[in-house]
Amino acid sequence: MNELFLSYIPKNSPLHRLDPRTKLVALMVISIFVLQTVTFSGLGLFAASFIMLAYFSRVNAGTFSHSIQPMLVFFVFIFLMHLFLTEGEIIFRIGPFRPTFDGLITGTIVTTRFMLLILFASLFTATTRPTMIAYGIERMIRFVPLKRIGISSFDIATMMSLSIRFVPVLLDNARQIRYAQISRGLDIRHNILRSVSTTITPMIRESLQTADDLAIAMESRCYQGKYRTSLFELRMGAMDWGVLGGISCVVFLFFLLR
Amino acid sequence: MRFDHNIMIHINNLSYRYPDGTLTLEGVDISIDRGEFVAIMGPNGCGKTTLVRHLNALLMPTAGSVSVFGMDTKDMSKVWNIRQTVGMVFQNPQTQFVGTTLEEDVAFGPENLGLPQNEIRKRVDRALLEVRLMEYKTHAPKTLSGGQMQRAAIAGVLAMEPECIVFDEVTSMLDPESRQMILDTIQQLHQSGKTIIYVTQRIEEILPLADRIVSMQDGRIEFMGTPHEYLASVGSHVPAITSLMRKLKEKGFDVRDDVFAVDDAFLEIIKACRMVEKENIDDE
Ligand SMILES: Nc1ncnc2c1ncn2[C@@H]1O[C@H](COP(=O)(O)OP(=O)(O)OP(=O)(O)O)[C@@H](O)[C@H]1O
Ligand SMILES: [Mg+2]
């Protein structure tokens, strides 16, 4: 996967300074509303607010296109599905293919929705340090009684940070193992099944070794999976309360007008 | 239990058997003083890693005991105290780096200790200054070199303010320049009063630094003594400089054969040459 996909871009902007919890709540509310939107004007409104927020975030546009790119195939697929499979007034016929006007409209709306979701998500990750996302989630789920299933909110936060840290490392290992296999004469194109099995076995062994070393290093630095503090203190400022207030107003108005 | 405050670590008749049955350590006795620099050497698989993992309760003795400042490592209530007192730096820089940035990684230990935020900040900054990585503090691991990551690991341990630091072959994956930088940092830490336990395969890198050398073989201690005693008693596995001096002595030159530093060897050789010159003049 592309390294720039949903990556953090350090900048000093009002969006970067917001508490991760505020941004998480905003992202959730926006996502729900985007998924409910059925009109072009509604989607246009969200697109406009995205452009505005992206401008304030000082993150350059390239970052967002990097987040859209890996999903393009998916978007095209969704669009074509709707275009051809929706009942309605037919645009033209070529053999069994009968795209409809209704399909064109729903397809565009659904695809735009997914694009907006990805864009807002990448705006969130671009303006929030990965660990801050983890800490934010940890604080939001701290009251959930997870003890009963044997883990703590701290475990979950640590797991999230570690995934962010180690998924690229494991992918890199996989790539190196593949190169090693190719250099020893394994033809990947002609024997896909074999190439998968010869790559996966060493990969699992390598991953287990990494996990083992990591666990020992964490234990020796006093990791207990219980209460721990953080280098970054989460603090809700005036801006945060303002944003949350604004969101509440919008939600309230929405239900009132409906 | 009474204990001597000058004894950092006491290992008494330690044996260890891995769950799969391999007996890895057998009757190991070592006592390490506070502020001492002890080097542990030996071939692959002789049990060095197994031994040092007992020092902060990552492994528990099968027989015998290990105590840190009088705290028995088998005492479960002391585990966190022991791990705070004895920090450990491992061989692989990648797998001990747990943060998504350098400063987050250094903060990992203090965060686990539950320290308040401003105290964590203070310790992180102090540790980063000490290993000279301050300007990299917001860097992601993929932008750091192996040597920088290994210094980050040292900073991560320093931020827990341990009395003693164990280094398990920390330079084996590094280039010569990074290796020297790590060694300089370790020497500084030793001079500032920390107890150092340094596991290595390279005799030449620790002879000038260590107060005591422990050489292991098949899970037992084969030799223990000062660097000079080591050179005097051990025939093989000595630095190139020492081999050279031994050869010179064999040929009849009047040089000491227990030196390992280039400067010392140089002085010895110069002295021997002058002597030869003088003898020649006297003959004429
Ligand atoms: N988890 C384990 N389970 C079983 N046996 C092990 C385990 N770890 C190590 N051993 C065995 O114990 C012996 C000592 O291993 P150890 O890693 O302590 O040696 P070492 O001196 O550190 O070697 P090296 O120089 O390679 O790091 C080896 O024979 C090894 O195969
Ligand atoms: Mg080892």
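**View 1. The contact between chain A and chain B.** In this predicted model, 30 residues of chain A and 39 residues of chain B take part in the contact. The area buried between chain A and chain B is about 2900 Å², and carbon and sulfur atoms give 55% of that area. On the side of chain A, Arg165(A), Arg221(A) and Leu231(A) lose the most area to chain B, and together they account for 30% of what that side buries.

**View 2. Polar and charged pairs across the interface.** Between chain A and chain B there are 17 residue pairs in polar contact, and five salt bridges are found across the interface. One of the salt bridges joins the side chains of Asp105(B) and Arg221(A), with 3.5 Å from N to O.

**View 3. The side of chain A that touches chain B.** The elements of chain A that give two or more residues to this side are α7 (130-141), α8 (153-183) and α9 (192-220), and the largest share, eight residues, comes from α9(A). Sorted by class, this side has 15 nonpolar, seven polar and eight charged residues.

View 4. A polar side-chain atom of Thr49(B) lies 2.6 Å from an oxygen atom of ligand 1, while for a polar side-chain atom of Glu169(B) the distance to an oxygen atom of the ligand is 3.1 Å. Gly47(B) takes part through a backbone N or O atom, which lies 3.0 Å from an oxygen atom of ligand 1. Taken alone, ligand 1 exposes 640 Å², of which the protein buries 62%.

Technical notes: Residues are numbered from 1 along each chain as its sequence is written. Chains are lettered from A and ligands numbered from 1 in the order in which they are written. This is a predicted model: local features need pLDDT of at least 70, side-chain atom pairs count only at pLDDT 80 or more; totals for chains, interfaces and linings use all residues. Side-chain values use heavy atoms; hydrogens and water are left out. Contact means heavy atoms within 4.5 Å. Buried area is the accessible area (1.4 Å probe) that two parts lose on being put together, summed over both. A salt bridge is a side-chain nitrogen of Lys or Arg within 4 Å of a carboxyl oxygen of Asp or Glu. A polar contact is a pair of N or O atoms within 3.5 Å; within protein, one must be able to donate a hydrogen and the other to accept it, and residues adjacent in sequence count only if both atoms are side-chain atoms. Helices (H or I, at least four residues) and strands (E, at least two) are DSSP runs, numbered from the N terminus. Ala, Val, Leu, Ile, Met, Phe, Trp, Tyr, Cys and Pro count as nonpolar, Asp, Glu, Lys and Arg as charged, and the others, Gly among them, as polar. Accessible areas come from the Shrake-Rupley method with a 1.4 Å probe; for residues, only the protein chains shown count as cover.
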